[in-house]
Amino acid sequence: MRRSRIRRLACAAALALGAALLSPAVPSAAAAADPYQVLVFSKTSGFRHDSIPAGISAIQQLGEAQDFTVTATEDATAFTPQNLAAYEAVVFLSTTGDVLNDSQQDALKGYVDGGGGFVGVHAAADTEYDWPEYEDLVGARFQSHPAIQEARLTTEDHVHPATAHLDDTWTRTDEWYNYRSNPRADVHVLQSLDESSYSGGEMAGDHPITWCHEQQDSRSFYTGLGHTIESFADPDFRQLLLGGIQYAAGAVEADCSSTGDPDPDPDPGPGGDSAEAEAYTSSSGVQTAPHAAASGGATLGYIDDGDWAGYASLDTAGATTFTARVSSAGAGGTIEVRDGSATGRLLGSVDVTPTGGWDTFTEVTTPLTAGTGPLFLRFTGGAGALFDVDRFTLTRVPAAEDEGSSDVHLFYYPWYGTPEGPAGSWRHWQQGGHTPPASVGADLYPKLGPYDSGDIAGAVDQHMEWVQRSGAGVIVSSWWGQGSYEDGLAAGLLDAAARHGIEVAWHIEPYTGRTAASVVDDIAYLEAKFGDHPAFYRDAAHGDRNAYYVFESLRIQDWSALDAVKDTAIVLAQTTDTSKVAHFGGLYTYDGIAGATAPGWKNAGDYAKANGLVWAPSVAPGYIDDRAVPGNTTPTLGRADGASYDRQWNNALDPAIGGDPTWVSVTSFNEWHEGSSIEPAASDPPPGHGYETFEGAYGRTGAAAETAYLDRTAYWTDRFEERRG
C-alpha cells in the first residue's frame, strides 16, 4: 500500500505541475494527494503528559481539515505487520518508557523499513531505552530538562513544510529537552534552541530541537516541542506538526538530507555525563528492576550490602560531583563512588534514606575528589534490599585553556575579615546588623563560610583556583587607598594569583580625600610597589599598560591630571556618558542590573572604538542586597536560574546592543552584600536565616549547582574569545 501510494503521489504531483501551466491557482501536493490514515500512539509506562488528550484532538482536527484519518490508541497490540500496513504514518505522541514488546518492536521496524512514516512528539525521545534501533528512528534520546520557561528558537530550514511558515526566530514557552547526543550529523535540523535565551540548556550551544531524516525507504520527523496543553492550540505549532505528519506520510516532499556534523569542538557549557544506573558494564549482586516511574522504565535494583556496579564508559577524571535519583522501601544505605574498581579509591559517598516506596524518588548528591579511571559504585548498608538507583550524573570541571582570558575581568573584594584571621575582627560580614558566622549581611552564604581575605593559603588560594575555573584571566581588586586594609593584603593576593596564572588590575574606590591628582599618585604608588610582580596586569594589546577602574568617577569633575599617566596606564571611567570621559582611557559600567537592558552600551562602545578607548561593559548574574541593606527591595535583579546572567552576556556580545567590547567585566566574583557573586554559594547554608542558593541554576541541583556560575562564565568567556577571533 505504501509503495502504490508513493506512485499515486508522483502522478498527483505531475498533474499539479501540468495545472500550473494552465491556471494561477495551483493546489498543493498535499491537497492533490489521496486520503490516507495516520495512527497516533500515546502509551506511557513512565511520566504521563497531561497534554496528550489535547495533542490527539489537535491531530484529529488537522486530519479533518487536510483529508487524513486519525486513529488514536494506547493498545500496543495494534503493532502488527497487518495492522500497520493500513497507515501511512505512525505518530508517537509523548510516549514514555518501555511501551512495545519484542514482536511489536519488530513490527514497527518492518513497517518503517518498508516505507512507513514515523513522527515523534516531545517525550517520544524518552521511550524504548532497551531498543537500540529506536534511537536511530527518533534521532536522539532524552537526557534531562530544566523548568518550563520561555526560550528562543532559530529556524534553520525555511522550505520544509513544517517550518516554512516560521520567521528566522520564534519565542515560545515549553519544556526544553536536552538530548544524550547531538543528532545533527545524522539528521536534517529544522529548528534549534538558542541556549543563551533560557536557563538549563546543556548541549554546548548547538541544540537541535526539531529535525527530520530519511529512514531506510521511509521518512522520520521529530520535534521536542509539545509538553504543554497550550502548545496544541498554537497555530504555529499546529502547522509545524501538520508539516511533519505530511512529510512522514509522503503527502509532501521535502529535503531531509543530513545537516552535517556538529561542531567538532563544541562549546563547553556546564559539563557532565549522565547514565541510566541499570546500564552497567560489570556488576556483582545487582539486577535491573522495572519501575514505571523511573527514567527509562527501570532502575538498578535488588541492591544488598556489598553489591557493586561498574561503568566502563564513564571516566572519573575531572568529576567534581555525583548526583543520583534514588528510591527506597528498604533499609537505605550508602552509595560509594570509587575509582577504577569496586575496591578502588573512594572519591565520595552519599547516604540514601528510605523514601517510603520503590516508586517514590528523590535526589542525592555528593562532592567528589577527581579520579583517573572508570566509575564504580559500591553499595553498603543493613540487611535486605537497600535502595534502587534510577539515573545519575557526574558533573565535571569544564575543559579550561592553559591561560584564562586577559579580556574577561572579575571584580574582586579582599575586604572581609574574621576575629581569628589577620583582620582580628569581623569585617563586612556583619553589615546590616548581622551576627556572623551563621548570620551574615548577604542573601547568599559563601561555600567557604564567612572567610578572612587575609587567609592567603586558604580562602584566597581557593578563590584563585575558582577564578581559573571561570576562564577569566584577570581580577580587578577593590583598593581603598594607600595604607588601607586592602592595600596591606595586596602582596599576598598577587602571590596567590600568580600561582594560578591570574593577573591583577585595580578598582580604585572613592576613599576619603580622593582626587584626580591623588589617583595619579596612587597609580605611581602601585606601579612602584607591585609593577614588577608577575601577576601585575598589563594589556599587551594596548602597549603593555596596566589597568585601573575608577568607581564613581563622576564624583570628580576635572580629570585632566590623568594626562600624566595616559602612556603607562589605562584608566576607566564608570559611565556610559561620553561627555564625562575626557582624559580617561576607557569606560565601564559596573552596575549589576543595567546589563539586563544595556542602556547606552551601543553608543559608549561606538564612541570608544572611534576614539581609541577601551570599552568594558559589566555583566552580573543578579543583584539583591536586602540583608546587607535591610528594607531595600529596589533595585533588585533576580538570577532566574541563570537567565539573567545569560541575557547580560548576550547583550554585551551582540554588537547591535553591546557596542563591541574590548573587555567584559563581571560584577562580581565575591561582592556578597549585593548578591552579585559568581563565587560558589553554599547549597546547605545555616538554616533559619532565609538564605538563597544557586539551586536550579542552569538545571543543576544540590552541590552541583554551587559552581554553576563559574562554569557558565567559562562558557561565555569562550564565546567572547571566539567572537574576537
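**View 1. Strand β3, helix α5 and strand β4 form a right-handed β-α-β unit in this predicted model.** Helix α5 covers residues 102-113, and helices (H or I, at least four residues) and strands (E, at least two) are DSSP runs, numbered from the N terminus. The crossover counts as right-handed because, with the strands pointing away from the viewer, the path from the first strand over the helix to the second runs clockwise. Residues are numbered from 1 along each chain as its sequence is written, and side-chain values use heavy atoms, with hydrogens and water left out. Because the model is predicted, local features need pLDDT of at least 70 and side-chain atom pairs count only at pLDDT 80 or more, while totals for chains, interfaces and linings use all residues.

**View 2. Strand β3 (residues 89-93) is covered on both faces.** Ala89, Val91 and Leu93 on one side, and Val90 and Phe92 on the other, are all buried, that is, under 20% relative accessible area, where exposed is over 50% and partly exposed lies in between (1.4 Å probe, protein chains only). Strand β1 (residues 36-41) pairs with β3 in the parallel sense over four bridges, two strands being paired if DSSP finds at least two bridges between them, and Phe41 stands opposite Phe92. Five bridges join β3 to strand β4 (residues 117-121), again in parallel, with Val121 as the bridge partner of Leu93.

**View 3. Cys212 and Cys256 form a disulfide.** Their sulfur atoms are 2.0 Å apart, and a disulfide is here a pair of cysteine sulfur atoms within 2.5 Å, a rule by which the count comes to one. The link of Cys212 and Cys256 is left-handed, with -95 degrees about the S-S bond. Cys212 lies in strand β10 (residues 207-215) and Cys256 in the loop between α7 (235-249) and β12 (271-276), so the pair ties together parts that are 44 residues apart in sequence. Both Cys212 and Cys256 are buried.

**View 4. Nine strands make an open sheet with parallel pairing, in the order β29-β28-β27-β26-β25-β24-β23-β31-β30.** Strands β29 (614-616) and β30 (618-619) stand at the edges with a single partner strand each, so one side of each is left without a neighbour in the sheet. Helix α8 (residues 456-470) packs on the sheet and touches β23 (405-412) and β24, contact meaning heavy atoms within 4.5 Å. The direction of α8 makes about 140 degrees with that of β23, where axes are lines fitted to C-alpha atoms, for helices over the stretch in contact, and angles run from 0 to 180 degrees between N-to-C directions.
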